[in-house]
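Me: Could you walk me through this model, a few questions at a time?

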Amino acid sequence: EEIYQAAKKQVKAHLSTHRYEHCLRVSDYAVKLAKQNNLDEQQAALAGLVHDYAKERSEADFLEKIDEAKLPKSLKAWGNPIWHGVVGAEFVKDELGIEDPEILQAIRLHTTGGLHDEMTTLDKVVFMADYLEEGRHFPGVKEARAITEKSLDRGVFYQLSHTLAFLADKGQVIYPKTFDAYNDWANYLK
Ligand code: DGI
Ligand code: FE
Ligand code: FE
Ligand code: FE
């Protein structure tokens, strides 16, 4: 597809080789999950490809974009891990010309996830592809892949709970949306 090839060039130009290759693997894994979950493969491929497009932008670029896109000022207290998704979607829209609101939402939610009734199948697919792509080797990744193959929703909850535990273990600050998503999915799946 033409749009995909054009986006690929732009993603490559804006990222290190290492992260560009991660994006290609997320795109591939998103297609695999799309097939398993009756989702449009082209849409999943493109969303996976561009999900980290803004990851290597400067702090100044993000702060400027928060103002330009009239996003909440409170976002400024956070940093790259949160900005590259929530604010990153604005860069994808403005610079790659991708206006599909479903793709933009999947980018916004790809780091934190969202409430169960807020996340579309595409959001879940991108969230899980980012976590499970073939270059990921963390302890538990095989279990996470097996769970996700059986149930995309169970996979989302696996990632939410493990990421929360990982961040807390390192004493890191946790974005409220990350907690909200975890609590909501814990209630939903119990
Ligand atoms: O961009 P990637 O590295 O491919 O993956 P990602 O966007 O899922 O996660 C980026 C980082 O953000 C990762 O180290 C986990 C971290 N993260 C996820 N949720 C939170 C978070 N960091 C903080 N500080 N707070 C969160 O709630
Ligand atoms: Fe990311
Ligand atoms: Fe992620
Ligand atoms: Fe990623």
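Reply: Residues count from 1 along each chain as its sequence is written, with chains lettered from A and ligands numbered from 1 in the order written. This is a predicted model, where local features need pLDDT of at least 70, side-chain atom pairs count only at pLDDT 80 or more, and totals for chains, interfaces and linings use all residues.

Me: What is the mean pLDDT of the protein?
Reply: pLDDT is the predictor's confidence in each residue, from 0 to 100. Here 100% of the residues reach 70 or more, and the mean is 98.

Me: Which elements give two or more residues to the shell around ligand 1?
Reply: The shell holds 15 residues (C-beta atom, placed from the backbone, within 6 Å of the ligand), and the closest are Pro 81, Thr 111, Ile 174, Tyr 175 and Thr 178. Helices are DSSP runs of H or I, at least four residues, numbered from the N terminus. The elements that give two or more are helix 5 (80-86) and helix 10 (152-169).

Me: Is helix 6 roughly parallel or antiparallel to helix 7?
Reply: Helix 6 (residues 88-96) and helix 7 (residues 101-109) pack with axes 8 Å apart, at about 150°; the axes are lines fitted to C-alpha atoms over the stretch in contact, and angles run from 0 to 180 degrees between N-to-C directions. Over 145 degrees counts as roughly antiparallel, under 35 as roughly parallel. So helix 6 is, relative to helix 7, roughly antiparallel.

How values were computed:
Parallel < 35°, antiparallel > 145°, perpendicular 65-115°, else oblique.
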